[in-house]
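Student: I'd like to learn how to read a protein model, one feature at a time. Can we go through one together?

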Amino acid sequence: MTTITLEVPDSLGEYQNDTIRFIAAKLYESGKLSLGQAADMARLSKRTFAELLSDYDVSFINYSPSDLNDELDRISGI
């Protein structure tokens, strides 16, 4: 894993964990990280990370419109 140093205002110092979790949630939302990778980044279990996604307005179910259409086509063909 690569380490990145991020300079944040002193006022966010006490919210360091929240800042990391927010970034991990947004990277998960954008599809840049899997749930497991984002949970590892936030230093949380997958379950705990999944439960806090709603705190950042991020959906646990992370389908693109194209993926959702493909899945609906697959289900309707059963």
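Student: Let's start with burial. What share of the 78 residues of the protein counts as buried?

Tutor: Of the 78 residues, 21% count as buried. Keep in mind that this is a predicted model.

Student: How far can I trust it, then? What does the pLDDT average over the protein?

Tutor: The general idea goes like this: where pLDDT is low, the predicted coordinates should not be read in detail. Here the average is 87, and 99% of the residues score at least 70. Confidence is highest in H3, with a mean of 95, and lowest in H4, with a mean of 83.

Student: Okay, the overall fold next. How many helices and strands are there?

Tutor: There are 4 helices and 0 strands. Going along the sequence, you read the pattern α-α-α-α. The radius of gyration is 16 Å, well over the 12 Å that the globule rule gives for 78 residues, so the protein is more spread out than a compact globule. Along the principal axes, the C-alpha atoms fill a box of roughly 55 × 25 × 20 Å.

Student: Which residues of the largest nonpolar core touch the most other members?

Tutor: First the general idea: in soluble globular proteins, nonpolar side chains tend to be buried together. In this model the largest nonpolar core has 14 residues, and those touching the most other members are Ala25, Tyr28, Leu35, Phe49, Leu53 and Val58. Helices H1, H2 and H3 each supply at least two residues of this core.

Student: Can we zoom in on one of them? What is Val58 in contact with, leaving aside its neighbours within four places in sequence?

Tutor: Val58 is in contact with Ala25, Lys26, Tyr28, Glu29 and Leu53.

Student: Now aromatic rings. How many aromatic pairs does the structure hold?

Tutor: In general, a pair of aromatic rings is described by the distance of the centres and the angle of the planes. This structure holds 1 aromatic pair. Phe22 and Tyr56 sit edge-to-face, with 5.8 Å from centre to centre and 70° between the planes. The planes count as edge-to-face because their angle is over 60 degrees.

Student: Where in the chain do Phe22 and Tyr56 lie?

Tutor: Phe22 is in helix H1, while Tyr56 is in the loop between helix H3 and helix H4. They are 34 residues apart, so the pair links distant parts of the chain. As for burial, Tyr56 has 11% relative accessibility and counts as buried, whereas Phe22 has 38% and counts as partly exposed.

Student: Charged side chains next. How many salt bridges does a search of the whole structure find?

Tutor: The general idea is that side chains of opposite charge can pair when their charged atoms come close. The search finds 3 salt bridges here. One of them joins Glu29 and Lys26, at 3.3 Å from N to O. These two residues are 3 apart in helix H1, which means about one helical turn separates them. Both also turned up among the contacts of Val58.

How values were computed:
Residues numbered from 1 in each chain as written. Predicted model: local features only at pLDDT ≥ 70, side-chain atom pairs only at ≥ 80, totals over all residues. Heavy atoms only, no water. Phe/Tyr/Trp six-rings, centres within 6.5 Å; stacked < 30°, edge-to-face > 60°. Buried < 20%, exposed > 50% of the residue type's maximum accessible area, 1.4 Å probe, protein only. Core = buried A, V, L, I, M, F, W, Y, C linked by side-chain atoms within 4.5 Å. Contact = heavy atoms within 4.5 Å. pLDDT = per-residue confidence, 0-100. Salt bridge = Lys/Arg side-chain N within 4 Å of Asp/Glu carboxyl O. Rg over C-alpha atoms; globule rule 2.2 N^0.38 Å.
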